[in-house]
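Open the model in your viewer and keep the selection panel at hand. The stops below go one by one.

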Amino acid sequence: MQSGMLLWAILGLPPLCAAACCGARSPRAIVRLAVVGGMGWAALALTTAWAAVTIGPLSIAREWVYLDALSGYHLAVLALVLGASSLYASGYFHTEIAEGRLSVHAARKFGALWFGSATAMTGVLVSNNLGLMWVGIEATTLLTAFLICVHVTPLSLEAMWKYLVMCSIGVAFAFMGTLLVAASAQRLGLDATDMLLWTRLRASAAGLAPGPMKLAFLFLLVGYGTKTGLAPLHSWLPDAHSQAPAPVSALFSGFMLNTALYCLMRYLPLVEGATGQTGWGRELLAVFGLFSILLSAAFIVFQHDGKRLLAYHSVEHMGIIALGLGLGGIGTFAALWHTLNHAVCKALAFFSIGRLGQMYGTHDLNRMAGAMRRAPVWGVGFFGSVLALIGVAPFAIFMSEFQILRAAASVHAYATLGLFLLGAGIVFVGALRHAITPAWGAEICEPRLPSPSVADAVLVVGGLGLLLGLGLWLPDTLVQALDGAARIVGGRP
């Protein structure tokens, strides 16, 4: 298949699947469509990402749609998360369908918005035009917001509105930043149609007006940082994660946050080029990243709701990625590797807590005491994913965090290194204390125990196996993809 056809296919398939979900007549049929369509799209997206990484950049529509090593790598991460979450949705919603708690209307809403969100996130990744990239982020806000309240309750509606208000304000800041980038590009003499094309701006980044670019990056950091969940702009995130269905929470944390951080990665070489490679933009990212790590550590210690605990872990790990990008050099490579590690780990964690929550009727970790004995598949999945999240060796997250520490030491940022270790140490002790109760605590209540399916075992074993495997060995293809993406973020040819 020609490269142009691959790009059209990954953009066109999700809307077709969304339309099919709207026309389906039963919740069971809609869930089947979500599984088949989601996994089929994931396979197609992985093929497209492979082509972009190994062959070179792909483009259509006069380069307005563009896929290079950076966007191709993120597309592959999205494919893994969406494909796994779609497979997981089958078992998750099977219980609700059997109990009559998933109406046709709610199932149609889920299916249409599920594929709509996939379209919007893919649109962000393949947009070479920075204005269209902003439109894609706005679309992800509008589409994913209503996934929070697939089941309408007062709490889910409150979480949805908080998410809409916070992220809409953030996106408005990002819009102002985008306009300022266009203003800083006036001196380049580009045609109006090329004014916001990232490839054109990157080639002439040294000629961008530094003053407007600095102001633009401040607006963009606040705007896209809100959607990323960087502290102190993260207040919507715990509520949204705790109220959304588990497949939605997995997609939110596993990739949607990365979508906004990806936008900042695109702007980083532009602001660094405009300011003479002084590290001005990277330093701002490092500050936000470090603050996110420390603030989330303080909240993690006191969380007993499993989904809110994982939400604060999202704030922490988005901060770790931002810190790695801010440190530059090997830190950029490690931050991109951490993006994959966190996506896989957090998806598995939400899969596990979602199913355990259905069994126990609550996400309170104290009431899930002894879950690993009563429900070993998902109990092991949750405990193992928490161990990976807090950086236990030899999981891949430990390795990527260790590389970020190396990056801090290499630039003599010893204060940053110490604060990172302080935050990571607090998270390690606090989260491990919470995870021990559902693993080995004395039982308080008896769960409903549906028989685990083959898909359940595949998700848990596959997720933990991938995290262990990537911690012990990085395939050459993945190293090539990470290096290519890091070079783009670093502004290198």
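This is a predicted model: local features need pLDDT of at least 70, side-chain atom pairs count only at pLDDT 80 or more; totals for chains, interfaces and linings use all residues.

Residues are numbered from 1 along each chain as its sequence is written, and side-chain values use heavy atoms, without hydrogens and water.

**Stop 1: H11 and H12.** Select residues 280-300 (helix H11) and 306-327 (helix H12). They pack at about 155°, with axes 7 Å apart. That makes H11 roughly antiparallel to H12 (an angle over 145 degrees). The crossing of H11 and H12 is left-handed (the near helix is turned anticlockwise from the far one by less than a right angle). Show the contact (heavy atoms within 4.5 Å): it includes Leu285, Gly289 and Ile293 of H11 and Tyr312, Glu316 and Gly319 of H12. The contact residues of H11 with H12 divide into 13 nonpolar, 6 polar and 2 charged.

**Stop 2: H13 and H18.** Now select residues 330-360 (H13) and 454-472 (H18). The packing angle is about 150°, and the axes are 10 Å apart. That makes H13 roughly antiparallel to H18. H13 also passes H18 in a left-handed crossing. Among the contact residues are Trp337, Val344 and Phe351 of H13 and Leu459, Gly463 and Leu467 of H18. By class, this contact has 12 nonpolar, 2 polar and 2 charged residues.

**Stop 3: the cavity.** What lines the largest cavity? Select Tyr66, Ser127, Asn128, Leu130, Trp198, Tyr262 and Arg266. The volume of the largest cavity is about 30 Å³. Its lining has 4 nonpolar, 2 polar and 1 charged residues. A cavity is a set of points on a 1 Å grid where a 1.4 Å probe fits but cannot get out, and lining residues have an atom within 4 Å of a point.

Definitions and conventions
Axes are lines fitted to C-alpha atoms, for helices over the stretch in contact, and angles run from 0 to 180 degrees between N-to-C directions. Helices (H or I, at least four residues) and strands (E, at least two) are DSSP runs, numbered from the N terminus. Angles under 35 degrees count as roughly parallel, over 145 as roughly antiparallel, 65 to 115 as roughly perpendicular and the rest as oblique. Ala, Val, Leu, Ile, Met, Phe, Trp, Tyr, Cys and Pro count as nonpolar, Asp, Glu, Lys and Arg as charged, and the others, Gly among them, as polar. On a 1 Å grid over the protein atoms alone, a cavity is a set of points where a 1.4 Å probe fits but cannot get out, and a pocket is an open set with protein on both sides within 12 Å along at least five of seven lines; lining residues have an atom within 4 Å of a point. Grid points are joined across faces, edges and corners, and a volume is the space filled by probe spheres set on the points.
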